[in-house]
Amino acid sequence: MIIDLHCHTNMSDGALTPNQLIDLASERGVDMLSITDHDTLDAYAHMSSVPPGMRLIPGIELSSRWRKQGVHIVGLNIDLSNPVMASAVAEQSAIRLQRAQEISVRLERLGFDGCLEGAQRFAHNQIGRPHFAQHLIAVGAVKNYNEAFKKYLGAGKAGDIKEHWPDIETVVQWIKQAGGIAVLAHPSKYKMTRTKLTELIGDFKNAGGEAMEVVSGLQIPSLTRDLAKLCTQFSLLASCGSDFHSPDKKWAALGLISNLPETCNPIWDRWS
Ligand code: AMP
Ligand code: MN
Ligand code: MN
Ligand code: MN
């Protein structure tokens, strides 16, 4: 079984349309897929059909804040017509727009004019920092995506604004009220010390979080073992996903995911 429960379309910062993504997943033999765009469910309204044999789990990746740090929480198997989730998405979209204006002002202070309009040209729908990165590349301010984040958009840089995001308790409750399971996304990407990561997982669990990503794309076995241990320690369900954004990012390829260790309780057991 190929199971990918974390990926993006051009309804947020991915490169493919929802239909293109589903076609690619089908080519790769994905049996169970969740599209988890940043703070939007629009992909689910923009797809024609799901191939027979592929199970689509409605999902989302919500932005939150924990101790002044940005943390992502995936909501899986949510009810797409839930009114709480609809208003949550509206709130998050409003935050994204306001935040984009602020990012633009900050970049202007560094000498780059018109960044909001520039970023908006790359955003099909929900705007985010990757669209600013694309604009900075297009105007020749940076050579590539990595440089854009390293200099201007990544952690601690001018364009890194996360103060507006809701706390993890709020986000977990939205997901639960929409009938879904809250999953702590890519725990190793926050580059936290062991102590801090353990505290985050503890707070997430106390907030009602029920799962964490033990596998995010292709990762080294020692990391998988380590995350599996934390997952078991906190009695959480285990999830896995590629965090696919675009076909040219080879390290996050759709459907290409390391196996979950046998010791884990997979999240999908809840749905079978
Ligand atoms: P945003 O949703 O606007 O906060 O932007 C976050 C997105 O930017 C993530 O989901 C990644 O797709 C991308 N991203 C974040 N940090 C980096 C980084 N250091 N290098 C490249 N892409 C990044
Ligand atoms: Mn992204
Ligand atoms: Mn994320
Ligand atoms: Mn993601």
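Predicted model: local features only at pLDDT ≥ 70, side-chain atom pairs only at ≥ 80, totals over all residues.
Residues are numbered from 1 along each chain as its sequence is written, chains are lettered from A and ligands numbered from 1 in written order, and side-chain values use heavy atoms, leaving out hydrogens and water.

Now show E6 (residues 181–184) and E7 (residues 211–216) whole; they pair in the parallel sense over two bridges. Strands (E, at least two residues) and helices (H or I, at least four) are DSSP runs numbered from the N terminus, and pairing takes at least two DSSP bridges. Follow the chain from E6 through helix H7 (residues 194–206) to E7: this β-α-β crossover is right-handed, meaning that with the strands pointing away from the viewer, the path from the first strand over the helix to the second runs clockwise.

Look for Leu76 beside its bridge partner, Ile181.

Finally, move to the manganese ion (ligand 2). Its protein donors are Asp13 (OD), His38 (NE2) and His245 (NE2), 2.1 to 2.2 Å away; donors are N, O and S atoms within 2.8 Å of the metal (3.2 Å for Na, K and Ca), and with water not among the atoms, sites may look incomplete. Asp13 sits in the loop between strand E1 (3–4) and helix H1 (18–27) and His245 in the segment after strand E8 (237–241), so the pair ties together parts 232 residues apart in sequence.
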